[in-house]
Amino acid sequence: LRRVQSLPKGFVWGGATAAYQVEGATKVDGKGKTMWDDYLKAQGRFSPDPASDFYHLYPEDIELAKLYGLNAIRVSIAWTRIFPKGYGEPNPAGVAYYHRLFKCCLDNGITPYVSLHHFDSPKTLFDDGDWLNRKNIDYFVDYADFCFKEFSEVKNWFTINELISLAFSQYIQGNFPPNHHFDVTSGIQAQHNELLAHARAVNLFKEKGYQGRIGLIHVLQPVYPYPDTPANEHAAALEDAFMNRFLLDGTFKGEYTPETMALINELLEANDAKLKIEPGDMDILKKASTQNDYFGMNYYQPSFVAAYEGESTNSFNGTGEKGTSSFKFQGVGQHVKKPGVPTTDWDWNIYPAGMYDMLKRVAREYPNSKTIYITENGLGYKDKYEGIGQLIDDDKRIDFIDQHVEALLKARSEGVDVQGYFVWSLQDQFSWANGYNKRYGLFYVNFETQAREIKKSALWFKELGQTLKN
Ligand code: BG6
């Protein structure tokens, strides 16, 4: 039974993608290597080629988006298609590709929302320290400036996607290159440096008077104590500071408040870690904090946390085998299961109320976030192929999306300025640390033939999209 009956007038109703996860064609038209190419090859688990071959099949996917009622798409530009080494001379073939892609979107009435960085750092810069190297920030700002000027047809920009996921997956969880585990100094420094890169790009966008809107994307993961005891509440506050609050403060307050820093310092001390803030950094963040035009919020799941005294350990469920993940963070807390909260095959909690809680919190505590878009939300699932032309039954995904859109509309009805929803993902795509069996798409991709099939969730999406026309 559908909970959501209609969408508000003017609502942005989109599907999300990311360059490296959909494009394939990693060695085509002068593209440079990202931090993933050699890493994935050495691992030998899965190849980023051809992914969903969006590099060649984008007209088909955009046509599908239009047919199924969407009015927007999230895409990212691969930095290494524009600057193969991350800097230097632009690559004309890469530039031409994105002009073709944006034109196709606009011709079909699908508004592109474009990120400049979605987990795909250029290999050359990654080898030099990636976001831990402050020179990287200069290169990013140059690349951003080039894109703002060149792609004037784009009116909706995001600088970086999910700053925490990079910092956390690279340096804490260790499932992104360079695979560091609980390197807390790098994990916090990367967050600060990414914020600086974002802030400098926003300040430049405004100074140069580029037309359009700009913001960034955070994935917000509410942290609830379980069971609710004072010790667990403190553990939850510590994890929340590291996962959400430090970045939200830096983005929308332009400062890390004393309350936030007290938590961060406690966590750093427990792990013998340090954060380095250079003179002038906070002025840059302050200036940008009121200049974001909007905020992209990704939401998948919360964590339930209990206090924990032992050493850090962690196991990542990358295969979809229920019950194989664990996370214990020294001096911070450990993830626990809350009875009654369902989980996906990858052990992600299914908890729509977390989206509602976070929307309310951001609106209340961070008014500079202004308009909010849910820029990702969706269910990773092992969809079953039924044969050519056969509808794929993904009722579970419909239920998931329906409950989350309902939570969004509830927050909206209570005054939160949330203006859009992008499902992750438009079509099935390559998942960084999980490969190809973790599917999220409205459209099924047969990764052998690249044929697209329709899932029931696409029909659901279309029906709701129709309500925008009434
Ligand atoms: C978000 C990312 O973190 O979650 C996407 O922006 C990612 O790139 C998505 O694919 C789902 O995560 P996963 O690990 O299930 O692919």
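1. A residue is taken as buried if 20 or more other C-beta atoms lie within 10 Å of its own. The structure under review is a predicted model, and the points below should be read with that in mind.

2. Helix 8 covers residues 163–171, and nine of its nine residues are buried, so this helix is largely enclosed by the rest of the structure. The buried residues are Leu163, Ile164, Ser165, Leu166, Ala167, Phe168, Ser169, Gln170 and Tyr171.

3. The ligand is surrounded by 15 residues, and the closest are Ala18, Glu162, Ser165, Gly380 and Ser431. Ser165 is also listed among the buried residues of helix 8. By class, the shell around the ligand has seven polar, five nonpolar and three charged residues.

4. An unreviewed UniProt entry places the feature "active site" at Glu376. This residue belongs to strand 12, which spans residues 371–376. Glu376 counts as buried because it has 23 C-beta neighbours inside 10 Å, against the threshold of 20. Apart from neighbours within four places in sequence, its contacts are Ala16, Asn298, Phe422 and Trp424.

5. Tyr440 sits in the loop between strand 13 (418–424) and strand 14 (443–445). Despite the loop position, Tyr440 is buried, as 24 other C-beta atoms lie within 10 Å. Once neighbours within four places in sequence are set aside, Tyr440 is in contact with Gly378, Leu379, Gly380, Trp424, Ser425 and Asp428. Trp424 is also a contact of Glu376, and Gly380 is one of the residues closest to the ligand. Between the C-alpha atoms of Tyr440 and Lys382 the separation is 8.7 Å, although the two residues are 58 residues apart along the chain.

6. An open sheet is formed by five strands with mixed pairing, in the order 6-8-11-10-9. Strand 6 (223–225) and strand 9 (313–315) are at the edges; each has a single partner strand, so one side of each lacks a neighbour in the sheet. From one strand to the next, the twist averages 25°.

7. Thr313 is opposite Lys328 of strand 10.

8. Helix 10 (residues 230–252) lies across strand 6, strand 8 (303–306), strand 10 and strand 11 (333–335). Relative to strand 6, the helix runs at about 170°.

Technical notes
Residues are numbered from 1 along each chain as its sequence is written. This is a predicted model: local features need pLDDT of at least 70, side-chain atom pairs count only at pLDDT 80 or more; totals for chains, interfaces and linings use all residues. A residue is near a molecule or strand if its C-beta atom, placed from the backbone, lies within 6 Å of it. Ala, Val, Leu, Ile, Met, Phe, Trp, Tyr, Cys and Pro count as nonpolar, Asp, Glu, Lys and Arg as charged, and the others, Gly among them, as polar. UniProt positions are given in the numbering used here, feature names are shortened, and annotations may be inferred rather than shown by experiment. Helices (H or I, at least four residues) and strands (E, at least two) are DSSP runs, numbered from the N terminus. A residue is buried if 20 or more other C-beta atoms lie within 10 Å of its own, exposed if 12 or fewer, and partly exposed in between; C-beta atoms are placed from the backbone. Two residues are in contact if their C-beta atoms, placed from the backbone, lie within 7 Å. Two strands pair if DSSP finds at least two bridges between them. Axes are lines fitted to C-alpha atoms, for helices over the stretch in contact, and angles run from 0 to 180 degrees between N-to-C directions.
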